[in-house]
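Terms are given their cut-offs where they come up.

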Amino acid sequence: MGTLLMIGTRKGLFLARTDERRSWALEGPLFPMNAVYAVAIDTRPDTPRLLVGADSEHWGPSIFTSDDLGATWDEPEGGALRFPAETGAALARAWQLQPAGADQPGVVWAGVEPAALFRSDDGGSTFSLVEGLWDHPDRPQWMPGGGGLCLHTVVPHPTDPDRVVIAVSAAGVYRTEDGGRSWQSSNTGITAWHNPDPHPPFGQCVHKIARHPERPDQMFLQNHGGVYRSDDGGATWGEIHEGLPATFGFPLVTHPHQPGTAYVYPLVADAHRMPPDDRCRVYRTTDAGESWHPLSAGLPQDHAYITVLRDAMCTDDAPTAGVYLGTRTGEVFASADEGESWASIARHLPDVLSVRAAQVG
Amino acid sequence: MHVRVPAALRHAAGGRSTVPARLGGSRAPDVRALLDHLAATLPDLERRVRDEQGALRRHVNVFVGATNVRDLDEQATALGDGDEVAILPAVSGGA
């Protein structure tokens, strides 16, 4: 079975394909000069559907889908996602395109800027605003992070369609337990380093959240400073960053098959967004954050000033999981052995903003 | 009047580089009425020029003759029958 890697960059989408995950064929750029912050591979249909959020500096944002693995792309007349007129808002960017659980075929969530959540029931062809979050009384007080006021993370529950967790920069975590009608902030235990009160109910600068489908109440979170775990579905959080060389970072992904295994990419601090010791290292925990171990074989270890953005790390779904790392310096590293060893599979691309991989065909 | 369509948007205008437009009704013709007309007839062209709230996109310029409507009355800029309106990408659209 082949593997497809979608690589969203600041200047277009690249597709990398392989049969054995050693040599890769690179195609692109598709949507040249469009910034591709969101990519997704929906493996629920018999033929996987690819989704892309592509923003033209000139002509605005779009969401495209492909049902033939990237050969052709569709966008409905009038666009896939528009804010209703009464909101007074206009779509600036799709930050996250996230298929829901297998029991909800056709449901795809979109997290966008300005911060809002949209839901699709037709696989991502068209979206509707989740009004319960848009109307939340906290929303007028949300403040933008460095990337704008964006809803960048959507974590659907794997089996309960009523439960969804989201993250907004810099409002923090919100969750619903009634399918999106009502939402509550869910930041208990997460420190807001930039706030006079370090533990406000909302206002945290959460960068990424992930969970394993077999252990849905256990969630991992990379904060602006700090890595956290929740064991109660996101209601409360505790620090798990002891053993990491730094607490700052953007991406966090879970292993596709092993609950309790997660990967992060530490950076020194928000005032020094480069890896510790100028070495490119992924850190992995296999015990839910009790301990962390560096993974560096094949990654640059000398004068490496490499940043990895929040959606630029992912895993695939192969029996021996692959892990992928896209850099702001336009390089993509891939590991076919769960992070033990890495190889550069693409170089000299524009800044990598997003990657997703899956077995296809 | 005619609307000149930039190469990047011709796919949304049936491949044409120029689109004729005849604005009817009692409304005095202006740029907003023209773009509303495009929204009804060529929606994929119009939404590349304005966002869903009707604002001109930041890095798109609309010219009436040789003058940018941002230097006139924005979308309230009046149009005459013989005017040529050009949609052009701004040079400010990123590196």
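A:Ala94 has A:Val112 as its bridge partner in β8(A). Strands here are DSSP runs of E with at least two residues, helices are runs of H or I with at least four residues, and both are numbered from the N terminus. The model is predicted, so local features need pLDDT of at least 70 and side-chain atom pairs count only at pLDDT 80 or more, while totals for chains, interfaces and linings use all residues. Residues are numbered from 1 along each chain as its sequence is written, and chains are lettered from A and ligands numbered from 1 in the order in which they are written.

β7(A) and β8(A) run antiparallel and are joined by six bridges. Two strands count as paired if DSSP finds at least two bridges between them. β8 (residues 108–113) of chain A also pairs with β9 (residues 116–120) of chain A, in the antiparallel sense over five bridges; there, A:Val108 has A:Ser120 in β9(A) as its bridge partner. Strands of a sheet pair through backbone hydrogen bonds.

These strands belong to an open, antiparallel sheet of four, ordered β7-β8-β9-β10 in chain A. β7 (93–99) and β10 (128–129) of chain A are at the edges with a single partner strand each, so one side of each has no neighbour in the sheet. As for burial, seven of the seven residues of β7(A) are buried, where buried means 20 or more other C-beta atoms within 10 Å of the residue's own, exposed 12 or fewer, and partly exposed in between, with C-beta atoms placed from the backbone.

The next topic is the nonpolar core, a set of buried Ala, Val, Leu, Ile, Met, Phe, Trp, Tyr and Cys residues joined through C-beta atoms within 7 Å. The largest such core has 111 residues, of which A:Ile7 and A:Val355 touch the most other members. Strand β4 (residues 34–42) of chain A supplies its largest share, seven residues. A second, separate core of 21 residues includes B:Ala12, B:Val19, B:Leu35 and B:Val69.

Chain A as a whole has one helix and 27 strands. Its radius of gyration, taken over C-alpha atoms, is 19 Å, close to the 21 Å that the globule rule (2.2 Å times the number of residues to the power 0.38) gives for 361 residues, so chain A is as compact as a globular protein of that length. Of these 361 residues, 53% count as buried.
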